[in-house]
Amino acid sequence: MNFDETQKNWTALGEDDAMWVVLTDPDKKGNRWKREDFFATGQREIADVFIKLQKAGVTHLPGCALDFGCGLGRLSQALAARFETVDGVDISSSMIRQAMEFNQFPDRVKYHVNARADLADFPTASYDFVGSLIVLQHIPPRFQEKYIRDFLRLLKPGGVAYFQTVHARGWRRFIPHFVADFIRQRRSHGQPFIPLYGVPTEQVRRLIAAAGGELKHYENCGHGEWGARYFNDYFIVTKPGAKI
Ligand SMILES: C[S@@+](CC[C@H](N)C(=O)[O-])C[C@H]1O[C@@H](n2cnc3c(N)ncnc32)[C@H](O)[C@@H]1O
């Protein structure tokens, strides 16, 4: 998928049943997510993230956080309890419109549509924390690389990034992305669809090092309904330098 197609796809996906598009629990399809249950999952996931940071011995300042691929703000709202300000960034204007409606902290949590294949509109060394969950997996690998590089650029010295990617397993590693997209397009009969793109773990590790990041912790596990074909990779990365 090229960048324009990606943006159109996610804007269309966010128009209807957006909570299910974010969390594809089969029991919740058809606008069956309750708002409080949906946002409670974000509170739990962010609590888990901070337990992992603590276990990895990574401390963070309670300053500014960026939630990349924020969708409806499920994680941004939870981050608001831990940071003074949160910027939620997403490619989809329909997701961002609804995130603004759900925003419980409009003075501290701001949402932005970012319709570009990098984060150049956000200033260097301006965040204490950059987080991204279940987002990069939906972005073509050549763009994933640009965003990950920018995560490191956006962090203040001493800042921390926590993000997730997926890598393909077994036979799935040998299917090129353009072939998988073609099959998905055919199966969805021209309707928007949720794409998935694996990137080998070693490639992400090399990218982190090349961008000047220090990998503090890495873990992997099966990826939900795609568990047989994809594995989740989780990275805790710091930007060297004293906290400022
Ligand atoms: C599965 S949802 C996850 C939303 C949120 N991270 C959460 O966990 O609740 C994936 C989100 O990534 C966004 N996304 C996809 N490609 C993107 C890109 N290139 N830049 C920013 N956001 C993107 C989609 O619009 C969608 O809101």
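In which helix is the place of Thr11? Thr11 lies in helix H1, which spans residues 3–13, helices (H or I, at least four residues) and strands (E, at least two) being DSSP runs numbered from the N terminus. The structure is a predicted model, in which local features need pLDDT of at least 70 and side-chain atom pairs count only at pLDDT 80 or more, whereas totals for chains, interfaces and linings use all residues. Residues are numbered from 1 along each chain as its sequence is written, and side-chain values use heavy atoms, with hydrogens and water left out.

The chain comprises eight helices and seven strands. Its radius of gyration, taken over C-alpha atoms, is 17 Å, which agrees with the value near 18 Å that a compact globule of 244 residues would have; the globule rule is 2.2 Å times the number of residues to the power 0.38. Along the principal axes, the C-alpha atoms fill a box of roughly 50 × 40 × 30 Å. The accessible surface, from the Shrake-Rupley method with a 1.4 Å probe, comes to about 11500 Å², and carbon and sulfur atoms account for 54% of this area. Of the 244 residues, 52% are buried, where buried means under 20% relative accessible area, exposed over 50% and partly exposed in between (1.4 Å probe, protein chains only). With contact defined as heavy atoms within 4.5 Å, 70% of the contacts between residues at least 6 apart in sequence join residues at least 24 apart. The mean positions of the 32 positive and 28 negative charges are 4 Å apart; Lys and Arg count as positive and Asp and Glu as negative, while His and the chain ends are not counted, and each charge is placed at NZ of Lys, CZ of Arg, CG of Asp or CD of Glu.

In soluble globular proteins, nonpolar side chains tend to be buried together. A nonpolar core is here a set of buried Ala, Val, Leu, Ile, Met, Phe, Trp, Tyr and Cys residues joined through side-chain atoms within 4.5 Å. The largest such core has 41 residues, of which Leu66, Phe68, Leu119, Leu136, Tyr147, Phe151 and Phe163 touch the most other members. Helix H6 (residues 141–154) supplies the largest share of this core, six residues. Apart from it lies another core, of 23 residues, including Ala65, Phe83, Ala99 and Tyr234. Beyond residues up to four places away in sequence, Phe68 touches Val89, Leu119, Gly131, Ser132, Val135, Leu136, Ile139, Tyr147 and Phe151.

Thr11 itself is buried, because its relative accessible area is 17%, and, residues up to four places away in sequence aside, Thr11 touches Ile91, Ser92, Ser93 and Ser94. Glu45, in helix H3, is partly exposed at a relative accessible area of 28%.

Most residues other than glycine have a negative phi.
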